[in-house]
Amino acid sequence: MNPYVLTTLILSLGLGTTLTFASSHWLLAWMGLEINTMAIIPLMAQQHHPRATEATTKYFLTQATAAAMILFASTMNAWTMGDWNINQISHPLATTTVTLALALKIGLAPMHFWLPEVLQGLNLTTGLVLSTWQKLAPFALILQISQNTNPALLTTLGVMSALVGGWGGLNQTQLRKLLAYSSIAHLGWMIIILQFMPALTLLNLTIYITMTSTMFLSLKIMASTKINSLALAWPKTPTLTTLIMLSLLSLGGLPPLTGFMPKWLILQELAKQDLPITATIMAMSALLSLFFYLRLCYTTTLTTFPNTNNTTSPWRLKSTQITLPLTITIILTLMLLPVTPAITTMF
Amino acid sequence: MLKILIPTLMLIPTTWLTPKSWVWTTTTAQSLAIALLSLTWLKWTSETGWSTSGPYMATDPLSTPLLVLTCWLLPLMILASQNHISPEPINRQRSYITLLILLQTFLIMAFGATEIIMFYIMFEATLIPTLIIITRWGNQTERLNAGTYFLFYTLAGSLPLLVALLMTQKDMGTLSMLIIQHTKPTNLLSWGDKIWWVGCLLAFLVKMPLYGVHLWLPKAHVEAPIAGSMVLAAVLLKLGGYGMMRITIMLDPLTKELAYPFIILALWGIIMTGSICLRQTDLKSLIAYSSVSHMGLVAGGILIQTPWGFTGAIILMIAHGLVSSALFCLANTNYERTHSRTLLLTRGLQMILPLMATWWFIANLANLALPPLPNLMGELAIITSLFSWSPWTIVSTGLGTLITAGYSLYMFLMTQRGPTPLHTISLHPSHTREHLLMAMHLIPVLLLVLKPELMWGVCH
């Protein structure tokens, strides 16, 4: 892509999110969200492949619908309550609509159907941006409306997302769809705790972004998008395959890796709020996701796939890609659990 | 505690920086030094029972025997793995040893933890190295299934435990074992409290394992390589027993009624798994089911919550740990020579490997609880306390003892006695390393006959 165009698009992505972060008026927040959508559309379609075009169209339609719903809800609130302030949204219909709209924007169940297909149509870098950066602006809004939302709605969204994310990923062999379902499951965990402690939502989002970045960046280095090609990656980068295995277990939420931290803190908060049944259901749904992460661990590192003789000793050339971000995110994905107290003070 | 933890963690740089030909020697020597250092924990200095305490870790007469067992087992695991790992590239050998060391570190931190949540995190943390050992270095395709069963059975039990512990922390304000042992028994009557009780215990019952939830164990033990089987049988099962003993302190008085179905399952499991042992064709599977049988007895002993029950449980855990690990090492000596676990293929070995037959003999005698070995001490204490709880239990425990004797004798006679088939006469003679391994397993068992106070420190 033309470097000037690329620069404009990336800067627009930054602009959109920053606008939403900085705004206290619903219209400005909506504008930021729309700028984000517009900026990423050319990035998604840059491959000129029918699948990429289809993914772009689906993304545009769903995000536009969601943005229109946000506009509608905020207008409705302004008309009935007379307030355009983001955290003053109080009319029950408006809050429900805006929650559902933001859920559609990020891909919470039952509004998650677009996410696997869209993510599948993108290359890994754009997929990374979609899974991480594009979640920031909607979450800024979600955090701001957290006090006024319908508790039953949030709990339903959360539990359903965790279950859908777990069950949906079980049948996938394409890694991007698998990561989409993993995304949905993690979003479920983030939403369920929103009504009790929004700081934990933000912490979970941060750690989720770290772990997902690790996965996307490692897949990019190994240039694999299917389980089959991931399985043959061990001769090329043995260390990275081991680290991927550990990152997958971290995504699954196993102690003593970082991924356990948000789950632990969320379960603790749910227990404090006297919701042991919800906590147990969420915890058990994590087992579903863990199954397909474990299957990925098996195919990547713990077994040797059938391959021809010369693929087991390829030339290990130095990678031409920048590996510093991956280094940082891998270390954060694996080693942050002992410093949990320090991290909880930051949120 | 740090005197042991830091040398154990430092074993990891040792493994990676030692030159190739010295790796196994150095790691064995260093882990043996740590094991000998851990024996200092056996001196209980304080009245309250908790000694060597730091902010988050301490040892008391319940955890000390298990800690010493854990530390003792690491050099044995390294010794046992030396042969089957040696064909691999050196970095993979180093990774294998690193996994064993990491597992050791988590186990020491688990047994030494004073906060129950720390115990929980270390309990779960042991799952990952064990999973990697089973699925990466196991030998058959079934190892993947074994790893999945292992991970999911344990997690399905331990996630409710996490929720139950967090609920407890909300109600009691703390989860420190030092404080919980002094809290008043709570008045718990509702259905929710009963489910909380089950949540607290389920993880440990799955880990022990209790008979109904034991399906992961034969798979995991059989598919694991020798170090994996050793650590699983000797220590990881005892994590379940130890956890149960710690948790039941705060579960009174619910346990009096609610424990009934689990005690029944445990007792029934002794007979059922013992009977299965009599029909096994796979040697490691036989030893695995024998582990389930013994741990059923331990579970029964813990659930009735009497001093003799606890004492018997801890003695049986230590003795069974050493003996079961010894049996797995013996089965491994067969496996390394024939690459088969089938009992029928490795028969009549007394003619070919007579010295190993001695070890088979002693290990099987210990397994069937011959007096005066500590296995009998533990079993007798548990059987007596179960009898005082209800005389009818003598039916299952007595029958269980009989069946245990039956399959132990069966194992010995099948592998050692009888005609030697012609395909086994060219087996390699026993290595000194293997004799050393067996000696280091069984001599502590014999020595514990002389000073069992080291084990039953909880209720002197």
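Domain bounds here come from an automatic or database domain assignment. This is a predicted model, in which local features need pLDDT of at least 70 and side-chain atom pairs count only at pLDDT 80 or more, while totals for chains, interfaces and linings use all residues. Residues are numbered from 1 along each chain as its sequence is written, chains are lettered from A and ligands numbered from 1 in the order in which they are written, and side-chain values use heavy atoms, with hydrogens and water left out.

Q: How far apart are the centres of domain 1 and domain 2 of chain A?
A: Chain A is divided into domain 1 (1-110) and domain 2 (150-306 + 322-346). Taken over C-alpha atoms, the separation of their centres is 25 Å.

Q: What area do domain 1 and domain 2 of chain A bury between them?
A: Contact (heavy atoms within 4.5 Å) involves ten residues from domain 1 of chain A and eleven residues from domain 2 of chain A. Carbon and sulfur atoms carry 79% of the buried area (the accessible area, 1.4 Å probe, that two parts lose on being put together, summed over both), whose total for these domains is about 840 Å².

Q: Which residue of chain A forms a salt bridge with B:Lys170?
A: The contact between the chains takes 28 residues from chain B and 29 residues from chain A. Across this interface there is one salt bridge, defined as a side-chain nitrogen of Lys or Arg within 4 Å of a carboxyl oxygen of Asp or Glu. With the closest N and O atoms 2.8 Å apart, the partner of B:Lys170 is A:Asp274.
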